[in-house]
Amino acid sequence: MRLRVDLILEVDDAGAVTEAALGRIADDTDMPADERTHAESAVTEDTAEALAYLVDPFDLVSEIPGVELAQASWSSERIDHDPDSPDWGLDEDDVDDDDEDDDGDDGAFDGDGEVEDDHEVDDDHENERVG
């Protein structure tokens with residue numbers, strides 16, 4: 001089953017978001033030094049990257065009984081949000097018929113109930129499990 005969530009966040013304190021992301025990186029003792037350097041640079045240069053680094057889809061569903069996260073992908077981007085724009089209709093179904101045929105190559109399931117722990121920070125955060 002696929003659950004799509006589209007969040008629009010207003011960031012009031014970019015510094016706090018960046019500090020939280022840097023803290024998460026510092027706490028990850030399994031991250032190799034070269035990945036750590038890349039992640040620190042990415043989250044320091046772009047608040048959207050920092051926010052995406054802090055989002056963990058596993059945390060969103062881990063407390064739901066009878067549900068196991070099989071795959072996850074997510075991205076972040078800066079947008080100009082106009083709540084009055086028809087492009088932001090919350091009651092519209094944005095699922096394409098083609099999505100049902102998706103091969104599920106958006107993330108990686110390692111077979112033991114957790115998404116693979118790649119910690120690779122890229123533009124769309126596919127195949128990434130943070131935390």
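Helices here are DSSP runs of H or I with at least four residues, strands are E runs of at least two, and both are numbered from the N terminus. On that basis the protein has four helices and zero strands, which reads as α-α-α-α along the sequence. This is a predicted model, so to speak a computed one: local features need pLDDT of at least 70, side-chain atom pairs count only at pLDDT 80 or more, and totals for chains, interfaces and linings use all residues. Residues are numbered from 1 along each chain as its sequence is written, and side-chain values use heavy atoms, with hydrogens and water left out.

**Overall numbers**
- Of the 131 residues, 26% count as buried (under 20% relative accessible area; exposed is over 50% and partly exposed lies in between, with a 1.4 Å probe and protein chains only).
- Take the contacts (heavy atoms within 4.5 Å) between residues at least 6 apart in sequence: 61% of them join residues at least 24 apart.

**Nonpolar cores**
- A nonpolar core is a set of buried Ala, Val, Leu, Ile, Met, Phe, Trp, Tyr and Cys residues joined through side-chain atoms within 4.5 Å.
- The largest one has eight residues: Val17, Ala21, Ile25, Met31, Ala39, Val43, Ala50 and Tyr53.
- Helices H1, H2 (33-45) and H3 (47-54) each put in at least two residues of this core, and H1 gives the most, with three.
- There's also a second, separate core of five residues, including Val61, Leu69, Ala72 and Trp74.

**Helix H2**
- H2 runs for 13 residues and reaches 18 Å from its first C-alpha to its last, close to the 18 Å expected at 1.5 Å a residue (expected span is 1.5 Å times one less than the number of residues).
- Its buried residues are Arg36, Ala39, Ala42 and Val43.
- Looking down the axis of H2, these buried residues fall within an arc of 135°, so they line one face of the helix (the arc is that of the directions from the helix axis to the C-beta atoms).
- That buried set packs against H1 and H3.
- Turned away from the buried side of H2 is a face with the exposed residues Ala33, Asp34, Thr37, Thr44 and Glu45.

**Thr18**
- Thr18 sits in H1 (residues 14-27) and counts as buried because its relative accessibility is 11%.
- Leaving aside neighbours within four places in sequence, Thr18 is in contact with Val43, Thr44, Thr47 and Ala50.
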